[in-house]
Amino acid sequence: MTTTPEPDTTATGRKTWLREHSELGVGLILLVLGVLVLTDALTAFSGTVDISQRGPVGPRTVPLVVGTGLLVVAVLLAVDVLRGGRGEAEGGEDIDLSEPSDWRTVLLLAGVFLGFAVLIGPVGFPVAGALLFWGAAYALGSRHLHRDPLIAAVLSLLTYLLFDNLLGVPLPGGPLMGVL
């Protein structure tokens, strides 16, 4: 006579079930974000402009679409996980997990970004952007001390001109405002 084993209702059984269905946590996060986005979209824009003044797409449209999309994806993910779907384990990149983290690079990049945030107001985007691009290249290992600053300056200037002139997104020009 064969008996079927009773389901494990102990704490170990619950931990195992949660571990096997850990993707539900991602679904929960998506659900919470969707509710927050929808709540914000429905309450933040209560005094909207008349449709004849703004057209058919108002300030609520994109947040409503994004919030609804988050809710739909959260529900679809939860259904898939509960039906036995599992995400594939990452094959990994070309990294050796036994090696320690490169904190020097992380701290250099953090310093470069902080410097950019501090300098963009007083010196403008072209100069601060050039320092950002050159500093990031240096932090990530490039040691071409003559070429990198020139490439960074050209890249920063092109980015400034693209955003300021072509896209109409004003960036601070700093002392170069009159020149550019």
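## A tour of the helices

Start with α2 and α4, which are roughly antiparallel to each other (an angle over 145 degrees; under 35 is roughly parallel, 65 to 115 roughly perpendicular, the rest oblique). Select residues 23-44 for α2 and residues 61-82 for α4. The two helices pack at an angle of about 160 degrees, and their axes lie 8 Å apart. Axes are lines fitted to C-alpha atoms, for helices over the stretch in contact, and angles run from 0 to 180 degrees between N-to-C directions. The crossing of α2 past α4 is left-handed (the near helix is turned anticlockwise from the far one by less than a right angle; clockwise is right-handed). The residues of this contact divide into 20 nonpolar, 4 polar and 1 charged. Nonpolar covers Ala, Val, Leu, Ile, Met, Phe, Trp, Tyr, Cys and Pro; charged covers Asp, Glu, Lys and Arg; the others, Gly among them, are polar.

The model is predicted: local features need pLDDT of at least 70 and side-chain atom pairs pLDDT 80 or more, while totals for chains, interfaces and linings use all residues. Residues are numbered from 1 along each chain as its sequence is written, and side-chain values use heavy atoms, without hydrogens or water.

**Zoom out.** Show the whole protein chain. The count is 7 helices and 0 strands (DSSP runs numbered from the N terminus: H or I of at least four residues, E of at least two). Along the sequence the pattern reads α-α-α-α-α-α-α. Of the 180 residues, 20% count as buried (under 20% relative accessible area; exposed is over 50%, partly exposed in between, with a 1.4 Å probe and protein chains only). Residues 24 or more positions apart account for 61% of them.

**Next, S22.** Find S22 in the loop between α1 (11-20) and α2. S22 is partly exposed, at 44% relative accessible area. R86 is 64 residues from S22 in sequence, yet the C-alpha to C-alpha distance is 9.3 Å.

**Move to α5 and α6.** Select residues 103-123 for α5 and residues 125-139 for α6. Their axes come within 8 Å and cross at roughly 175 degrees. α5 and α6 are therefore roughly antiparallel to each other. On the α5 side, show contact residues including L108, V112, F116 and I120; on the α6 side, including V127, L131, L132 and A136. This contact divides into 16 nonpolar, 3 polar and 1 charged residues.

Where is G115? The residue sits in helix α5. G115 is partly exposed, with a relative accessible area of 27%.

**Then α6 and α7.** From α6, the contact includes F125, P126, F133 and W134; from α7, it includes D148, P149, L155 and Y160. The residues of this contact divide into 10 nonpolar, 3 polar and 1 charged.

**Last stop, D148.** D148 belongs to helix α7. Is D148 buried or exposed? D148 is buried, with a relative accessible area of 9%. Which residues does D148 touch, not counting those up to four places away in sequence? Select W134, S142 and R143 to see these partners of D148.

Conventions: Contact = heavy atoms within 4.5 Å.
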